[in-house]
Amino acid sequence: RCYILSNENGKIQLSLRQSRLNPKINSKVEDIEITSIKDIKKGQLVRGYVKSITPSGVFFGLSTSLLGRILFQNISPYFVQKHSLYEKYLPEGKLLTAKVLGVNRKEKHIELSLLPEDTGMPSILPESLGLPQYGAEEEKREADDEEKREEPKLKTKRRRGNDESVTGKIPVLSQKDEAEKLCRLKKKKKKIKLHWRLQRSKTSFLEAKPKKRKICPADENDSGIEVYYREEEEDDQEEEAAKKKSTIRKPGEAPRLQVSMGFTWEEDNAVDIPVLDQKEESSESEEEEDMQSKLKKRTKKEKELEKQKKEKELCKVEAALMDPSRQPQSADDFDRLVLGSPNSSILWLQYMAFHLQATEIEKARAVAERALKTISFREEQEKLNVWVALLNLENMYGTEETLMKVFERAVQYNEPLKVFQHLCDIYASSEKYKQAEELYHTMLKRFRQEKSVWLKYASFLLKQGQAEATHRLLERALKALPTKEHVDVISRFAQLEFHSGDTEHAKALFESILSSYPKRTDIWSIYMDIMIKHGSQKEVRDIFERVIHLSLAPKKMKFFFKRYLDYEKKFGTAESVLAVKRAALEYVETKSSLADT
């Protein structure tokens with residue numbers, strides 16, 4: 001049942017909305033029907049389908065007549081170079097929720113967004129792809145440029161420091177002088193960073209003619225920010241000032257003692273360290289820093305190659321996971337499979353078997369319980385399969401008490417007869433015949449009107465070789481079941497006797513039925529089929545001769561004559577085939593003579 005929206009140019013547009021089919025029912029409409037652009041408001045959350053992906057963005061169908069556009073930067077917070085990636089995660093016809101960013105009613109343009117901060121939904125592109133976010137690329141480029149600018153300056157400083165350490169021109173500074181030098185170095189780092197940022201924002205004229213400013217190391221009002229300066233001249237001035245300060249002494253000050261050993265102020269580690277060793281250690285640390293900086297500073301091409309390598313590895317992993325022929329190897333693989341097909345009992349049973357192979361009984365039980373909670377209540381057969389698997393698990397690895405608890409729960413949530421029959425089969429297959437027989441007795445009391453219960457118990461007894469018990473069971477079944485079921489029950493018991501019991505007793509049962517109901521052609525057919533498999537040719541021919549001399553309808557007689565002829569062609573001789581044809585001809589002549597009279 002559906003509602004016809006329009007019928008133009010031979011195209012009929014239909015609707016399955018409940019508000020259209022049953023307008024009298026005042027139920028809440030989840031998705032308001034959008035008929036024109038007037039129904040769209042800025043900031044509104046709407047649902048629709050992906051129509052197409054073009055270089056200008058994704059076109060989003062809001063109704064049969066309205067389309068909205070989603071720019072690529074409004075699809076996901078991640079930066080994507082190849083737009084073909086969107087085709088994988090945004091297939092045509094996919095239902096999504098979007099937010100209205102703007103509406104142009106004159107030109108009928110609607111701008112939409114799929115960003116998580118707008119819709120409140122997860123991102124369309126998963127985080128596992130390792131894509132960069134918008135803005136991250138620009139920050140990386142700025143950091144690389146800053147490193148490149150600082151690199152030659154740092155190298156000149158290190159080279160100058162190494163030269164001085166070799167020639168032995170570095171004076172031994174006091175604790176106060178060292179502290180002042182550290183402060184100046186910190187200020188210089190801040191100046192370098194701010195200088196680089198401001199240089200990028202100023203004009204080329206200012207870059208060409210930077211201003212110079214004299215440095216006063218003892219200036220207390222210095223804010224630590226100098227915008228334009230030349231680093232090499234400043235370094236020279238600082239070194240000259242440091243040398244003068246170290247050589248000039250006050251008139252009342254005693255000359256400083258020059259020692260060849262360093263001194264530590266800590267009492268616990270009061271060990272003399274030679275000054276030369278300190279210089280060697282500093283040069284080694286600088287070399288290590290150079291190596292680290294080289295590792296950090298990679299070219300753009302190297303970064304791109306590494307990124308492509310990671311993408312290829314991810315693609316390989318995804319392709320392996322998407323391969324349908326791939327067998328799951330871990331619990332994570334099974335979790336991924338059952339997440340994709342939560343109602344498939346086969347996957348859940350394989351998951352249980354995976355844990356049982358590793359003798360993880362409790363985990364297998366947990367998987368079964370999780371499957372019973374996950375599978376939809378409409379999938380009754382799928383749920384029953386999991387219940388049967390859980391019964392098997394408890395029968396093999398649990399106790400009688402745990403098995404009975406699961407059995408009672410299964411009877412509550414499924415058709416009781418099916419659960420009883422499955423447990424009987426489990427007992428029989430695990431050779432617990434005593435428990436199976438007790439359960440069959442319970443079933444005969446509880447389901448005495450069910451024909452299948454009597455037949456299943458008869459099959460069980462015949463497999464145990466209890467033919468006499470089967471004969472008594474038939475008598476009980478005929479008393480318990482209604483009269484209309486008697487012929488079918490006797491026939492089924494006779495078939496079971498042919499397969500597993502006494503063939504002579506089975507023949508007697510069929511003969512008793514056919515003597516009481518000679519026109520039951522279905523019983524004759526079953527009897528013939530069984531005798532062809534288990535009886536002699538003489539017995540089969542006797543049955544065919546009895547059938548073709550019955551007074552049945554012409555259609556039924558034709559069927560039996562054809563079967564008789566096919567049998568003689570397969571197992572008989574040419575004479576027997578002619579005999580069957582003569583008998584058929586005689587039957588036709590007698591029928592035609594009766595019709596004429």
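Rings of Phe, Tyr and Trp (its six-membered ring) form an aromatic pair if their centres lie within 6.5 Å; planes under 30 degrees apart count as stacked, over 60 as edge-to-face and the rest as tilted. By this rule the count comes to 17 aromatic pairs.

One of them joins Tyr 433 and Phe 460. This pair is tilted, with 6.4 Å centre to centre and 50 degrees between the planes. It links distant parts of the chain, 27 residues apart. Tyr 433 sits in helix α16 (residues 433-446) and Phe 460 in helix α17 (residues 451-463). Helices here are DSSP runs (H or I, at least four residues), numbered from the N terminus.

Phe 544 and Tyr 567 also pair: their planes stand at 35 degrees and their centres 5.8 Å apart, so the pair is tilted. Phe 544 belongs to helix α22 (residues 537-548) and Tyr 567 to helix α23 (residues 554-571), so the pair ties together parts 23 residues apart in sequence.

How exposed are these rings' residues? Buried means under 20% relative accessible area, exposed over 50%, partly exposed in between (1.4 Å probe, protein chains only).

| Residue | Relative accessibility | Class |
|---|---|---|
| Tyr 433 | 34% | partly exposed |
| Phe 460 | 7% | buried |
| Phe 544 | 1% | buried |
| Tyr 567 | 8% | buried |

Tyr 433 and Phe 460 also belong to one aromatic cluster, together with Tyr 440 and Tyr 457.

The model is predicted: local features need pLDDT of at least 70, side-chain atom pairs count only at pLDDT 80 or more, and totals for chains, interfaces and linings use all residues. Residues are numbered from 1 along each chain as its sequence is written, and side-chain values use heavy atoms, with hydrogens and water left out.

Terms used: Helix = DSSP H or I, 4+ residues; strand = E, 2+ residues; numbered from the N terminus.
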